[in-house]
Amino acid sequence: MHILINSAISNAKTNPILSQRYASMAQRISTKHKIRMPYELKIVFCKKCKSFISPGTNSRIRLGRTSVKSIRISCNLCGHTYRKIIHKSNVTKKVGTPLSSYKSPTS
């Protein structure tokens with residue numbers, strides 16, 4: 001599945017029909033053999049129309065500007081928009097802040 005999705009991503013701009021075929025083959029393999037598709041492979045499919053979306057060619061990715069930090073992904077094929085919320089644990093610490101300013105849980 002990883003090989004098919006990587007090939008689909010690399011061929012997305014040059015040959016979109018072939019990349020769509022590779023992605024649908026990967027989906028069929030996971031369904032037929034009852035293998036759960038990993039999260040990093042799942043996010044390249046639209047949740048509404050189930051088609052392969054590659055950033056920049058047939059989808060639009062925007063950063064949310066509200067108090068809840070999120071990524072908005074819009075499918076250009078069906079128009080569906082969905083959000084991925086970025087949790088505080090996923091955000092890295094500020095660069096340049098000394099570690100001595102952070103309190104350890106034991107103290």
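Is the crossing of α1 and α2 left-handed or right-handed? In this predicted model, local features are described where pLDDT is at least 70, side-chain atom pairs count only at pLDDT 80 or more, and totals for chains, interfaces and linings use all residues. Residues are numbered from 1 along each chain as its sequence is written, and side-chain values use heavy atoms, with hydrogens and water left out.

The axes of helix α1 (residues 2-10) and helix α2 (residues 16-32) come within 8 Å and cross at roughly 160°, where axes are lines fitted to C-alpha atoms, for helices over the stretch in contact, and angles run from 0 to 180 degrees between N-to-C directions. The two helices, α1 and α2, are therefore roughly antiparallel to each other, a term used for angles over 145 degrees. Their crossing is left-handed, in that the near helix is turned anticlockwise from the far one by less than a right angle. On the α1 side the contact (heavy atoms within 4.5 Å) is made by Leu-4, Ile-5, Ser-7 and Ala-8, and on the α2 side by Ser-19, Tyr-22, Ala-23, Met-25, Ala-26 and Ile-29.

The strands, which like the helices are DSSP runs numbered from the N terminus (strands E, at least two residues; helices H or I, at least four), form an open sheet of three in the order β1-β2-β3, with antiparallel pairing. Because β1 (59-63) and β3 (81-85) stand at the edges with a single partner strand each, one side of each is left without a neighbour in the sheet. β1 and β2 (residues 70-75) pair in the antiparallel sense over five bridges, pairing being assigned if DSSP finds at least two bridges between two strands. Leu-63 has Ile-71 of β2 as its bridge partner.

Note on methods: Parallel < 35°, antiparallel > 145°, perpendicular 65-115°, else oblique.
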